[in-house]
Amino acid sequence: MAREVREQRIKTNGIWLNVAEKGDNGGPLVLLLHGFPETWFSWRHQIDFLSSHGYHVVAPDLRGYADSDSPPSHESYTVSHLVADVIGLLDHYGTAQAFVAGHDWGATIGWSLCLFRPDLVKGFISLSVPYFPRHPNLKPLEFFKSFGDGLYISQFQKPGRAEAAFAKHDILTVIKKFLLTTRTDYLVAPPDTEIINDLEIPSTIPDWITDDELQVYADKFQKSGFTGPLNYYRAMDLNWEIMAPWQDSKIVVPTMFIFGDKDNGNEGEHGKMQYVKGEMFKSLVPNLEIIVIEDGHHYIQQEKSKRVSEEMLSFFNKLGNTSE
């Protein structure tokens with residue numbers, strides 16, 4: 001079904017993004033933002049489902065990924081750049097408001113869009129990554145030091161380190177190690193171990209993805225490499241500085257948060273599950289609906305595609321099918 005998707009390159013915010021789309025151009029616009037290490041293809045099930053219900057679905061390869069431009073410096077991957085990319089796409093399609101969904105880093109972009117330009121977002125769905133408040137004094141990389149050098153985010157910081165570790169495996173293996181992980185910790189490797197070496201591949205491929213689909217990702221990353229995607233992590237402290245004016249701001253856009261009960265980072269006293277079920281998240285996102293999917297892991301829109309697609313459709317329909 002994904003073969004019916006139309007792809008084109010669109011100029012936005014000074015770069016070219018490859019964009020996949022499907023559905024009637026007159027339908028309400030839904031913008032889908034992928035995460036690491038993925039491409040627009042991670043939304044293939046939702047693209048088919050939502051477009052079949054009257055929506056005009058648009059899913060870019062984010063900057064640094066696949067067939068989109070990949071600026072070399074991590075300073076070109078801040079939330080300011082990423083949100084501006086999205087706003088440029090909305091301008092291209094000429095819509096006053098859109099429905100937006102983001103997974104992983106796409107969720108972070110979506111949360112930031114809701115803060116910067118809530119007027120553009122009719123409703124937002126975040127998958128796997130909740131909205132976390134900005135610490136007033138502690139930069140992210142200082143905070144992450146508490147996990148030790150084994151934390152994947154820390155290992156992604158030094159230019160070339162993760163790229164070299166990944167290069168010791170074939171690209172398909174790297175993709176499998178991330179997409180098929182069932183770990184519920186914060187992805188922390190043992191001492192003197194690279195996280196890519198610590199991640200394991202299941203003995204059998206789960207039934208929610210095929211070898212051919214995994215190869216689609218591998219082919220794209222074989223061509224584009226991983227530096228662009230890793231630059232998102234290398235800009236995290238810059239994002240902290242950029243977000244200072246929005247300290248203690250709330251998300252006012254109608255929002256749904258979908259995540260699996262076995263997502264990575266869920267476990268423990270300071271895990272994601274406790275935060276999502278606590279009062280702080282709800283106070284920062286007052287117009288919030290939370291969906292917890294049983295036996296769901298991190299790449300939830302692929303693993304539990306039918307449930308996620310149905311929840312998304314219900315949420316968007318509830319907010320109204322016509323653009324303002």
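## The β1–β2 loop

N13 sits in the loop that joins β1 (6-12) to β2 (15-22); helices (H or I, at least four residues) and strands (E, at least two) are DSSP runs, numbered from the N terminus. The phi of N13 is near 55 degrees, a positive value in a residue other than glycine. N13 counts as partly exposed because its relative accessibility is 38% (buried is under 20% relative accessible area, exposed over 50%, partly exposed in between, with a 1.4 Å probe and protein chains only).

This is a predicted model, in which local features need pLDDT of at least 70 and side-chain atom pairs count only at pLDDT 80 or more, while totals for chains, interfaces and linings use all residues. Residues are numbered from 1 along each chain as its sequence is written, and side-chain values use heavy atoms, without hydrogens and water.

## Other backbone features

D248 also has a positive phi, near 70 degrees, and is not a glycine. D248 belongs to the loop between α11 (236-242) and β7 (255-260). With 62% relative accessibility, D248 counts as exposed.

The loop between β3 (29-33) and α1 (44-52) contains P37. The F36 to P37 peptide bond is cis, with omega near -15 degrees. Most residues other than glycine have a negative phi, and most peptide bonds are trans.

## Helices α7 and α9

The axes of α7 (residues 171-179) and α9 (residues 211-224) come within 9 Å and cross at roughly 120 degrees (axes are lines fitted to C-alpha atoms over the stretch in contact, and angles run from 0 to 180 degrees between N-to-C directions). Contact (heavy atoms within 4.5 Å) involves I171, L172, I175, K176 and L179 of α7, and D211, L214, Q215, Y217, A218, F221 and Q222 of α9.
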